[in-house]
Amino acid sequence: NGPHAEIVSISKHLCARIPDGVSFERAGFAVLGAIAMQGVRLSKATLGETVFVIGLGLIGQLTVGLLTAAGCHVIGTDLDADKCALALKMGARFAQPNLLAEDVSHGTGGLGADAVLITASTKSNVPIDLAAAAVRAKGRVVLVGVVGLELDRRPFYFKEAEFVVSCSYGPGRYDPDYEERGHDYPAAWVRWTEQRNIQAVLDLMGAGRLDVSPLISHRIPIERAEQAYQLIESGTEPYLGIVLQYSATAADQVQRSILLRGAPAKTGRIGAGVLGAGNFARMVLLPAIRGCDAFTPRVLCSAGGVSAAHSGRKLAFERATTDEDEVFSDDGVGAVFSITQHDQHAPHVLRAIAARKPIFVEKPLCLTVEELHRIDVALEEAGDQAPLIMVGFNRRFSSAGKIVKEFFQKTTEPLTVSVRFNAGAIPSEHWTQSDEIGGGRIVGEACHGIDLATFLCGSPPVRVYAESVGGGHAPAIVDDQCFITLRHANGSISNIAYLAGGDKAFPKERIEVLGGGRVAVIDDFRQVTTCAQGRTRTQRLKGQDKGHAAEIAAFGRALTHGATAPISWSDLRAVTLASLLAVQSLREGLPKEIRNE
């Protein structure tokens with residue numbers, strides 16, 4: 001179950017094995033067949049029962065075929081007489097345009113249909129009214145298609161008939177844990193999942209009990225695929241199952257890279273190889289890389305390829321690719337940028353160390369203590385040849401952050417720092433909430449606050465304790481409604497309030513720093529207020545500056561001018577470890593010591 005392409009990459013739960021003797025052309029109907037199969041399962045139709053199918057398009061015809069294979073008596077109706085005739089070939093006992101409930105009653109000896117499956121697509125309320133009238137008492141109505149749903153309660157009430165809406169391919173559909181992360185439902189508890197429904201359809205084809213050949217109305221080469229969609233939109237001729245055909249050598253002709261422009265003349269700039277072309281990369285970091293004098297865009301890599309090609313042309317990259325090996329093996333790439341999903345960051349850092357290429361990795365650096373240890377070992381083994389590692393902790397490079405840092409420059413007393421995020425809610429199924437992919441919002445986002453506090457205090461964290469909301473009315477995810485308290489090596493303390501329970505109309509971030517008789521406040525990186533010796537000063541910045549361009553420029557200067565690392569490895573390591581241990585503290589209810597060794 002994937003997109004139209006020569007090569008697709010999908011979860012194991014979205015694919016099924018084709019039995020011997022089933023052609024790829026026929027197997028192509030298995031995913032649509034799973035939609036029909038799920039409707040049949042929800043109807044609870046059993047051997048010998050009569051099922052009424054309303055709407056005999058492609059899904060309706062597959063439904064007829066599956067019900068026939070299950071030993072049911074099938075009655076069908078559609079506005080199109082030809083589709084009714086085709087339903088007879090698919091196994092229906094009776095099919096006719098514009099059937100009425102009385103016709104179904106007559107055909108069932110006055111009982112009515114044991115189940116009705118609505119596979120039509122219309123805004124009209126007629127199919128649902130017909131189903132309610134045709135189903136027997138205690139019967140079942142399943143909506144597979146899309147129809148008007150102004151239900152008349154009375155026929156369902158007096159018959160005590162069941163009504164259910166079928167969800168596409170079956171259990172697992174729209175569940176990212178199942179479809180994307182490969183977590184299956186145990187068959188003993190969920191016998192028929194999305195994948196198992198697809199497999200069941202294929203097995204029926206292999207056993208000769210489901211023949212989809214009569215459903216193919218057109219075969220169109222993929223090169224002329226647009227004609228297939230025009231045919232559907234125009235309705236100028238009858239159609240049903242349109243098969244897109246790929247040439248036998250199509251897969252051999254697939255290119256992993258495309259040249260976007262010729263190589264520029266030698267400019268002395270560092271070739272940038274970028275991994276990732278998502279929204280944040282396209283809107284924020286890619287323009288910053290292009291606008292930095294230290295870099296020239298060279299290779300842009302993304303999993304899908306289309307976004308890399310589009311953004312690559314727009315931002316003057318030489319090449320777009322779906323093969324990340326090209327970024328690490330290209331001698332013209334002098335710096336790697338990893339702006340991908342979080343689970344790929346640590347592997348990219350390890351590859352960059354092995355290739356001796358400096359790397360800028362968007363936060364977080366890694367997702368586990370074990371990954372951090374592997375990076376430590378790789379850097380130690382590389383020794384003096386270890387490349388520069390930079391993590392996208394941009395807020396310490398912001399104009400506001402620099403102003404406050406300078407304001408406390410001569411303060412020798414420990415500071416107290418409060419960082420408050422009005423983070424906004426993110427659904428629990430979002431990839432950033434996944435421990436395996438995103439690391440959760442503390443590791444993936446609250447780390448910004450930990451780093452900013454470390455920068456302002458001028459000292460790494462040495463202990464962390466975290467507490468989140470709880471109780472009977474707490475949401476499914478509580479990690480993003482928490483307070484994180486840090487003690488720093490120089491005696492300073494900081495508190496990161498990462499809070500997702502607020503309203504987006506309120507400013508997102510506020511930072512307060514106190515110490516040495518001074519106070520400074522950053523309001524959403526738009527305004528800085530400082531207080532000392534009884535006087536208050538407010539500076540309004542030109543727009544919101546969170547330091548993204550400045551961090552890229554600092555990375556470039558470190559590479560081109562041999563400057564010190566923009567963020568020391570000891571700080572990067574301590575901040576990363578603090579965010580990882582903050583999650584452990586939440587789980588265990590205990591403070592965690594941070595060993596900066």
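Modeller: Before we start, helices here are DSSP runs of H or I with at least four residues, strands are runs of E with at least two, and both are numbered from the N terminus. The model is predicted, so local features need pLDDT of at least 70 and side-chain atom pairs count only at pLDDT 80 or more, while totals for chains, interfaces and linings use all residues. Residues are numbered from 1 along each chain as its sequence is written, and side-chain values use heavy atoms, with hydrogens and water left out.

Colleague: OK, which helix is Asn 197 found in?

Modeller: Asn 197 belongs to helix H9, which covers residues 194–206.

Colleague: And why does Asn 197 count as buried?

Modeller: Asn 197 counts as buried because its relative accessibility is 0%, where buried means under 20% relative accessible area with a 1.4 Å probe and protein chains only.

Colleague: Which side chain does Asn 197 join in a polar contact?

Modeller: The partner is Arg 41, with 2.7 Å between the two side chains; such a contact is a pair of N or O atoms within 3.5 Å, one able to donate a hydrogen and the other to accept it.

Colleague: What else does Asn 197 touch?

Modeller: Setting aside residues up to four places away in sequence, Asn 197 touches Ala 34, Met 37, Gln 38, Arg 41, Tyr 169, Gly 170 and Trp 192, where contact means heavy atoms within 4.5 Å.

Colleague: Switching to H2 and H3, at what angle do their axes cross?

Modeller: Helix H2 (residues 30–43) and helix H3 (residues 58–69) have axes that cross at roughly 60° and come within 9 Å, the axes being lines fitted to C-alpha atoms over the stretch in contact, with angles from 0 to 180 degrees between N-to-C directions.

Colleague: Which residues meet there?

Modeller: From H2 there are Leu 32, Gly 33, Ile 35, Ala 36, Met 37 and Val 40, and they meet Leu 58, Ile 59, Leu 62, Thr 63, Leu 66 and Leu 67 of H3.

Colleague: Last one, is Tyr 498 buried or exposed?

Modeller: Tyr 498, in strand S19 (residues 493–499), is buried, with a relative accessible area of 1%. Beyond its neighbours within four places in sequence, Tyr 498 contacts residues including Phe 421, Arg 441, Asp 480 and Ala 446. Ala 446 is 52 residues apart from Tyr 498 in sequence, yet the two are 6.2 Å apart from C-alpha to C-alpha.

Terms used. Buried < 20%, exposed > 50% of the residue type's maximum accessible area, 1.4 Å probe, protein only.
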